[in-house]
Amino acid sequence: MDRIKLRTFVALTMDVVSASPRRYFFEVMSFFATSEREKERLQYFASPEGRDDLYQYNQKESRTVLEVLEDFPSVQMPFEWLVQLTPPLKKRAFSISSSPLAHPNQIHLTVSVVAWVTPFKRTRRGLCSTWLAGLNPNKGNLIPCWIHQGSLPPPRPLVPLVLIGPGTGCAPFRAFVEERAAQAAAEPTAPVLFFFGCRNQENDFLYKDFWLTHAQDEGVLSSKRGGGFFVAFSRDQPQKVYVQHKIMEQSSRVWNLLLSDAVIYIAGSSTKMPADVTAALEEVICKEGGVKQADASKWLRDLERAGRLNIETWS
């Protein structure tokens, strides 16, 4: 049997520096606290009366397992308990943002470095994204990874596309556009409309040169090829503008592609965006198709069942 160092085991399997422990963790800690003050505090956190204070201390502050153990130094929890109660280190899933035709033997990722400030002004950082951002690209780095089929099926060259991907939701569509550009060099391809959104043009315009290049001349996103590239900068003007507004502005072009059996792809945040985009698509169908809202909703459901509406979102 192969042996592994304890430090390596913890680093590879236990999320001690990112995930917050559950209530039961505090209850078990109380049994191994040698300080009466710490024992009472832990028992209070584990009680129904201390639920609100525990939420403020733990979940709302994104307190980690390691930080909690440091805050209660008298606790000497046996490792067999610690390994059972610590949240496991979860795999992170990212959409591949490159085409194998354009970049053989390579995988490109589009990763937003996660960081936020807690109510007590403590800066928190995402575990995986911060680690990736800290790697030196000039050195050989071993990155454990796996590949599996995603929820966005790759389209055939002659299928028209309506792509909607604000923020890092553009990742799979960079791969789609690269793939279609490579296909267009050897065979006929169908038009592509791409709706992208971000906060500011100066700070958040991901792959700006890439999109603009493919939107010019005979590029995949160019009007000459029946395509289009439309950007919503939500914070660059007094009134917020999102991808759904750009979809409505281009309702006739979207409708014409849908009548040509286009496939719709939506990727990005799972908060309000998918619902807002779906509502905009329903408005397009109502306006251009002259149907009622209920019929437009059914039309979209039928598209989804037929594989012509694909959504991939994440929190």
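**Exercise 1. With which residue does Glu 178 form a salt bridge, and how far apart are the closest N and O atoms?**

Solution. A word on the model before we start: it is predicted, with local features needing pLDDT of at least 70 and side-chain atom pairs counting only at pLDDT 80 or more, while totals for chains, interfaces and linings use all residues. Residues are numbered from 1 along each chain as its sequence is written, and side-chain values use heavy atoms, leaving out hydrogens and water.

Step 1: apply the rule, a side-chain nitrogen of Lys or Arg within 4 Å of a carboxyl oxygen of Asp or Glu. The partner is Arg 174, with the closest N and O atoms 3.6 Å apart.

Step 2: Helices here are DSSP runs of H or I with at least four residues, strands are E runs of at least two, and both are numbered from the N terminus.

Step 3: count. The rule gives 10 salt bridges.

**Exercise 2. Find the strand order of the open sheet and its edge strands.**

Solution. Step 1: two strands pair if DSSP finds at least two bridges between them. The five strands run in the order S5-S4-S3-S6-S7, with parallel pairing.

Step 1: S5 (228-233) and S7 (309-314) each pair on one side only, which makes them the edge strands.

Step 2: zoom in on one pair. S3 (residues 161-164) and S4 (residues 192-198) are joined in the parallel sense over four bridges; Ile 164 has Phe 195 in S4 as its bridge partner.

**Exercise 3. Describe how H12 and H13 are arranged.**

Solution. The axes of H12 (residues 251-259) and H13 (residues 273-289) come within 9 Å and cross at roughly 85°.

Step 1: classify. Since 65 to 115 degrees counts as roughly perpendicular, H12 and H13 are therefore roughly perpendicular to each other.

Step 2: list contacts (heavy atoms within 4.5 Å). Among the residues that meet are Val 254 and Trp 255 in H12 and Leu 281 and Ile 285 in H13.

Conventions: Axes are lines fitted to C-alpha atoms, for helices over the stretch in contact, and angles run from 0 to 180 degrees between N-to-C directions. Angles under 35 degrees count as roughly parallel, over 145 as roughly antiparallel, 65 to 115 as roughly perpendicular and the rest as oblique.
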